Amino acid sequence: MKAATQLETPLFDTLLKHVDTNPIAFHIPGHKGGKGMDPAFRDFIGENALKIDLINIAPLDDLHHPKAAIAEAERLAADAFRADETFFSVQGTSSAIMAMIMGVVGPNEKIIVPRNVHKSVMSALVLTGAHPVFIHPEFDETYGIAHGITASAVERALELHPDTKAVLVINPTYFGVAGDLERIVAVAHAQDVPVLVDEAHGVHLPFHDELPLSAMQAGADVAATSVHKLGGSMTGSSILNVRRGLVSPERIHAMLSMITTTSTSYLLLASLDAARRQLATKGEAMNNRALSLARTARSAINNMPHLSVYGHAELHSESTYALDETKVLVSVRELGITGFEIEKYLREKHQIEVEMSDLLNVLFIVTSADDESTIQALIDAMRDVVSVYNTSDNDSLSIMLPEIPPLALSPRDAFYEETETIPLENAVGRISAEFIMVYPPGIPIIIPGELITASTLEYIMANIEAGLPVQGLEDESLQMIKVIQQTKAIR
């Protein structure tokens with residue numbers, strides 16, 4: 001049989017052919033093509049979508065053991081993303097990240113990770129029992145954001161921990177900033193250590209020369225990539241790209257299967273197949289459009305008083321090596337209002353929803369789905385913001401980078417230990433059972449299993465007193481914290 005090309009969608013086509021046979025279904029889902037669904041919801045969603053909301057019956061292949069349409073769709077994705085193997089995920093990039101870590105490191109083994117990792121990494125550490133070796137990312141004091149880790153830091157960490165089993169890298173960051181991933185890969189591979197990449201915001205990178213290198217282009221071993229974020233598939237659909245050699249694709253796939261539902265969504269799978277086709281055949285044109293629109297927004301906003309847009313001028317180090325300009329990060333430090341307040345103003349006055357806001361910034365994501373009218377609406381709305389809020393500045397705000405406390409227990413051991421709740425002010429010397437972080441910079445001050453030191457407590461209290469958004473504690477008053485219960489002597 002002739003192999004499919006990037007112009008084809010083998011999985012999506014299989015679903016359409018199945019629907020065309022008009023089968024009488026005596027299997028789940030119980031709504032059976034929408035006929036058994038609430039009419040209001042059915043009418044809104046549409047019958048076509050509901051007709052392909054199916055399960056893994058024989059004609060449609062099985063995500064857990066793909067041999068037909070899904071296997072061919074994954075093969076085409078591997079070719080498009082320059083991987084040896086690609087696996088589809090219908091539980092987002094969080095599950096993909098967990099699977100790639102679980103497939104490479106095990107109990108009591110070490111993995112080098114940036115301190116500003118996604119919570120799915122911490123979940124994987126709990127599930128595996130692995131020990132994290134944390135590296136602080138480079139910090140941008142002007143914008144109050146964390147970038148990536150550097151090759152130099154990875155090299156030092158590997159010297160200190162030669163028994164490390166893997167290095168995890170975030171590339172690009174949430175804000176579109178990429179480090180020198182090729183050099184990090186070279187440093188790790190020199191020690192036969194695989195590089196795992198959280199590429200949640202980089203699905204579009206392989207399809208344009210003016211964007212940072214993708215994980216596979218840079219030679220990384222595994223990359224968990226969100227197709228739904230910037231690639232046009234439905235929310236919750238992602239991929240795992242794998243390069244053979246230092247890792248086992250079969251083991252990684254087994255781990256992904258272990259944590260993936262057996263009631264896989266064919267809507268999500270079909271959207272991955274179709275998104276891959278669009279990226280592979282039209283990705284350059286899509287990126288051209290997105291970059292052109294983003295540059296229009298960047299130029300206009302950057303020229304407004306009291307606003308600045310993170311750009312190429314801010315790239316000055318190993319961790320700020322390249323930039324995805326479709327991420328428009330606007331600093332409002334000089335405007336005298338927080339990013340949180342601007343987000344609310346844009347929503348209420350202009351019906352604009354932003355990607356993210358924090359104390360000092362607002363983040364807008366531009367894609368090929370935008371057009372001149374949406375970009376002009378954004379520019380006009382930001383001009384309005386500047387005209388309304390221009391009274392003072394936030395230069396007095398100082399965002400510090402917290403120290404990394406000693407790890408007394410692995411995150412897994414801390415997760416399963418008995419806990420007790422004590423006043424935060426009395427927590428020095430105790431082992432935390434909770435996360436604490438502040439936005440910005442969004443880096444954990446402490447994670448479960450780490451020792452609460454005097455300097456850690458001082459940092460936490462300083463942020464609370466300054467009115468910064470300290471988050472993570474179960475006690476919203478920020479007065480109590482859960483710690484590992486101390487064993488009392490038996491008398």
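**Second largest pocket**

I looked up which elements line the second largest pocket: α1 (10–20) and α3 (47–51) each supply at least two residues. Helices here are DSSP runs of H or I with at least four residues, strands are runs of E with at least two, and both are numbered from the N terminus. The model is predicted, so I note its limits: local features need pLDDT of at least 70, side-chain atom pairs count only at pLDDT 80 or more, and totals for chains, interfaces and linings use all residues. Residues are numbered from 1 along each chain as its sequence is written, and side-chain values use heavy atoms, with hydrogens and water left out.

The volume of this second pocket is about 390 Å³. A pocket is an open set of points on a 1 Å grid over the protein atoms alone, where a 1.4 Å probe fits, with protein on both sides within 12 Å along at least five of seven lines; lining residues have an atom within 4 Å of a point. Points are joined across faces, edges and corners, and the volume is the space filled by probe spheres set on them.

I found 18 lining residues, with Pro 23, Lys 32, Gly 33, Lys 35 and Lys 51 nearest the centre. By class they are seven nonpolar, six polar and five charged. Nonpolar covers Ala, Val, Leu, Ile, Met, Phe, Trp, Tyr, Cys and Pro; charged covers Asp, Glu, Lys and Arg; the others, Gly among them, are polar.

**Largest pocket**

Next I took the largest pocket, with a volume of about 820 Å³. It has 34 lining residues, and Asn 116, Val 117, His 118, Tyr 174 and Tyr 439 are the closest to its centre. Two or more residues come from each of α5 (92–102), α6 (119–128), β5 (145–146) and α9 (227–230). I see that α5 gives the most, four residues. The lining holds 18 nonpolar, eleven polar and five charged residues.

**Helix α4**

I then followed α4, residues 69–81. Its 13 residues reach 18 Å from first C-alpha to last, close to the expected 18 Å. The expected span is 1.5 Å times one less than the number of residues.

Is α4 mostly covered or mostly open? Mostly covered: ten of its 13 residues are buried. Buried means under 20% relative accessible area, exposed over 50%, and partly exposed in between, with a 1.4 Å probe and protein chains only. Among the buried ones are Glu 72, Glu 74 and Phe 81. The buried residues pack against α1, β1 (85–89), β10 (238–242) and α11 (266–302), where contact means heavy atoms within 4.5 Å.

**Salt bridges**

I counted 15 salt bridges, each a side-chain nitrogen of Lys or Arg within 4 Å of a carboxyl oxygen of Asp or Glu.

Glu 343 pairs with Arg 347, closest N and O atoms 2.9 Å apart. Both sit in α12 (residues 339–350), and because they are four residues apart, about one helical turn separates them. Arg 347 also meets Glu 353, again in a salt bridge of 2.9 Å, N to O. Arg 347 is partly exposed at 34%, while Glu 353 is exposed at 53%.

Lys 482 bridges to Glu 474 at 3.1 Å. Lys 482 is partly exposed at 26%; Glu 474 is exposed at 57%.

Last, I noted a network of salt bridges that links Glu 85, Arg 244 and Glu 250.
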